[in-house]
Amino acid sequence: MSSSTAVPEPGPNPADRTHAAAGGDVDVIAIAPDPAVAEGILAETPLEDIFDEGVYSRAQELIARYPMSRSALLPLLHLVQSVQGYVSQEGIAFCARQLDLSDAEVSAVATFYTMYKRRPCGEHLVSVCTNTLCAAMGGDAIYKRLQTHLGSEQEPLGHNETAGTPNEPGSITLEHAECLAACDLAPVIQVNYEYFDNQTEDKAVALVDALQAGKKPAPTRGAPLSSFKGAELQLAGFFPEDERQYRTDVDGPSQAVETLRGAQIAQERGWVAPVAQDVPLPEVEKK
């Protein structure tokens, strides 16, 4: 005897409906969504303007830096994240209005780059490199350990999920990241895009525990640690005007001993790269 299924599945059983309802984190609801989800979706309701005059002023300052206004879209999206901790539909509409673009054009950019978050982010974004070398050196194990440490054995924290209340002090959003360009210091973690090199499972656990306790551990190199929103404001292109404050908040050594070791050995041993010879290009057969 056959019985119906919620959505189409292999086999003889009929389905109650021909689609699965879209999740809460998608931008475009399915063509035939759950009626409760679809209610009001076609209404021409303007989105609330949640940005104050200071944000508008900064937006205009960004736009003025570019000969073509639409070139300011990437920093504008960072500006939105510095206010909200993610890029909301209101943020999409705000950027579109400033640049005379459609919401669809802005959404296409915001959904292309992983650095723009479509769900509220924690006070801190913890990115664990799980690309080939970091993974082999322990990155995969670190990520799995943090998943269960920030979540539980039964319900590990997932990619781009947050432990705690987003935007609240001590909240952490965890993500596995592609190459973070620090293979000589693998495995690496970034917190709000600042580097913590040569990590282990225990070091990573101690790091997130400190973040949850309201502390700001010093990165291995680079600028002092800020919140995710603070880092986003810097990525948008806004820094302290006072030189001393700039040096305190933003500037910091980015090189590492391991990174420079090859150049140091070459200098000690007098190694130099061969000078490239000017060689004429081969003739291309005309067609």
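Buried residues make up 35% of the 287 residues in the protein chain, where buried means under 20% relative accessible area, exposed over 50% and partly exposed in between, using a 1.4 Å probe and protein chains only. This is a predicted model, in which local features need pLDDT of at least 70 and side-chain atom pairs count only at pLDDT 80 or more, while totals for chains, interfaces and linings use all residues. Residues are numbered from 1 along each chain as its sequence is written, and side-chain values use heavy atoms, with hydrogens and water left out.

The protein chain has 10 helices and five strands. Helices (H or I, at least four residues) and strands (E, at least two) are DSSP runs, numbered from the N terminus. A contact means heavy atoms within 4.5 Å. Among contacts in the chain between residues at least 6 apart in sequence, 61% join residues at least 24 apart.

**The sheet**

Let us look at the strands. The five strands form an open sheet in the order β2-β3-β1-β4-β5, with mixed pairing; two strands pair if DSSP finds at least two bridges between them. At the edges lie β2 (161-163) and β5 (194-196), each of which pairs on one side only. From one strand to the next, the twist averages 30 degrees.

| Strands | Direction | Bridges | Example |
|---|---|---|---|
| β1 and β3 | parallel | six | L125 opposite T173 |
| β1 and β4 | antiparallel | three | V126 opposite V191 |
| β2 and β3 | antiparallel | three | E161 with L174 |

Six of its six residues are buried, so β1 is largely enclosed by the rest of the structure. In a regular strand the side chains alternate between the two faces of the sheet. In β1 both faces are covered: H124, V126 and V128 are buried on one side, and L125, S127 and C129 are buried on the other. One of these residues, S127, has E175 in β3 as its bridge partner.

Strand β3 (residues 172-177) runs parallel to β1. Five of the six residues of β3 are buried, so β3 too is largely enclosed by the rest of the structure.

**Helices α2 and α4**

Now for the helices. The axes of helix α2 (residues 53-63) and helix α4 (residues 89-99) come within 11 Å and cross at roughly 50 degrees. Axes here are lines fitted to C-alpha atoms, for helices over the stretch in contact, and angles run from 0 to 180 degrees between N-to-C directions. That angle makes α2 oblique to α4; angles under 35 degrees count as roughly parallel, over 145 as roughly antiparallel, 65 to 115 as roughly perpendicular and the rest as oblique.

The crossing of α2 and α4 is right-handed, a term used if the near helix is turned clockwise from the far one by less than a right angle, whereas anticlockwise counts as left-handed. On the α2 side the contact is made by V55, Y56, A59, Q60 and I63, and on the α4 side by F94, R97, Q98 and L99. These residues divide into six nonpolar, two polar and one charged. Ala, Val, Leu, Ile, Met, Phe, Trp, Tyr, Cys and Pro count as nonpolar, Asp, Glu, Lys and Arg as charged, and the others, Gly among them, as polar.

Helix α4 is mostly covered, with eight of its 11 residues buried. They are G91, I92, A93, F94, C95, A96, Q98 and L99. The buried residues of α4 pack against α2, α3 (73-84) and α5 (103-110). After α4 comes D100, which has a positive phi near 55 degrees.

**Helices α6 and α7**

Another pair of helices is α6 (residues 132-150) and α7 (residues 201-212), which pack at an angle of about 40 degrees with their axes 9 Å apart. The two helices are therefore oblique to each other, and α6 passes α7 in a right-handed crossing. From α6, the residues A141, I142, R145, L146, H149 and L150 meet E201, D202, A204, V205, V208, D209 and Q212 in α7. By class, this contact has seven nonpolar, two polar and four charged residues.
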